[in-house]
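Subject: Structure for your review

Dear colleague,

Please find below the structure I promised to hand over. My findings follow directly after it.

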Amino acid sequence: KTTTLVALLDLTPRATRFIALSSQQETFAFRSTATPETDYLIPHELSDHTPQYIWGDEVRFLFKLIRDEGYAFGTTMHASNPTDVLNQLSLPPVTTPIENLLATDLILMLKEEPLELGLHEVTLVHPNANQWDLISLATWNYETRRFQFAPNDVLLPAIATKIGQPSGYVAEDWSQRATFLDHLVNRGVYDPYRVRQAILTYEPQ
């Protein structure tokens, strides 16, 4: 889980500052100097398994910050599926209000197969009144060894609604990013450092 999270954080803008939340007695004192536009919150894990993780009141307050003040965050937790993730966070002892949970963007599920542990599914948390819809954007196909994406007529409107942009804008941006990544592959740019450096230079047209 942590390996996947670190790989994704490596693609954030250069100016991003990471703020670790690492205790069940987290005070959130960082707020006096933090800026939601540039600071990214990283709880070590949402769990009560060890004192280094946050749970209960701290998690509930974290989601209040995300919704009310606009902070972004990434973390890990144990769950069997995306619905289980949100149920754990909405039920006691965490009891996060659903309207705050709806500030969640994506849930990435890992799955363990024989001799393999990897990304299995990417799910979008889509607001629907005061409830959530879970839209599967991509699922790993273990036979073809490729991701199977949702149809464009599902995927693009879902992302557009989530980020508050027209579907046409999302489609064009998606196409430009895909072209950029294809160029990296065609140039033989595969290793993580070179990919990260290339992505940091990306600017949409």
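Helices here are DSSP runs of H or I with at least four residues, strands are runs of E with at least two, and both are numbered from the N terminus. On that numbering, Arg60 lies in helix 2. Please note that the model is a predicted one.

**Surroundings of Arg60**

Arg60 has a relative accessibility of 27% and therefore counts as partly exposed, since that class lies between the limits of 20% for buried and 50% for exposed. Leaving aside residues up to four places away in sequence, Arg60 touches Pro93, Val94, Thr95, Thr96 and Pro97. For Arg60 and Pro93, the separation is 33 residues in sequence, while their C-alpha atoms are 9.4 Å apart in space.

**Aromatic pairs**

A pair of aromatic rings is described by the distance of the centres and the angle of the planes. The structure contains 8 aromatic pairs. In one of them, the ring centres of Phe18 and Tyr40 are 6.2 Å apart and the planes stand at 85°, so this pair is edge-to-face. It joins distant parts of the chain, with Phe18 in strand 1 (residues 17–21) and Tyr40 in strand 2 (residues 39–43), 22 residues apart. Phe18 is partly exposed, because its relative accessibility is 40%.

Phe63 and Phe73 form another pair, with ring centres 5.4 Å apart and planes at 80°; this pair is therefore edge-to-face. Here, too, distant parts of the chain are linked: Phe63 belongs to helix 2 (residues 57–69) and Phe73 to strand 3 (residues 72–73), 10 residues apart. Both Phe63 and Phe73 are buried.

**Packing of helix 5 and helix 6**

Two packed helices are described by the angle between their axes and the distance between the axes. For helix 5 (residues 152–163) and helix 6 (residues 167–186), the axes come within 8 Å and cross at roughly 110°. Because angles of 65 to 115 degrees fall in that class, helix 5 and helix 6 are roughly perpendicular to each other. Their crossing is right-handed. Helix 5 contributes Leu155, Leu156, Pro157, Ile159, Ala160 and Ile163 to the contact, and helix 6 contributes Ser167, Val170, Ala171 and Trp174. By class, this contact comprises 9 nonpolar residues, 1 polar residue and no charged residues.

With kind regards

Methods
Residues numbered from 1 in each chain as written. Predicted model: local features only at pLDDT ≥ 70, side-chain atom pairs only at ≥ 80, totals over all residues. Heavy atoms only, no water. Axes fitted to C-alpha atoms, helices over the stretch in contact; angles between N-to-C directions. Parallel < 35°, antiparallel > 145°, perpendicular 65-115°, else oblique. Left-handed = near helix turned anticlockwise from the far one by under 90°. Contact = heavy atoms within 4.5 Å. Nonpolar A, V, L, I, M, F, W, Y, C, P; charged D, E, K, R; others polar. Phe/Tyr/Trp six-rings, centres within 6.5 Å; stacked < 30°, edge-to-face > 60°. Buried < 20%, exposed > 50% of the residue type's maximum accessible area, 1.4 Å probe, protein only.
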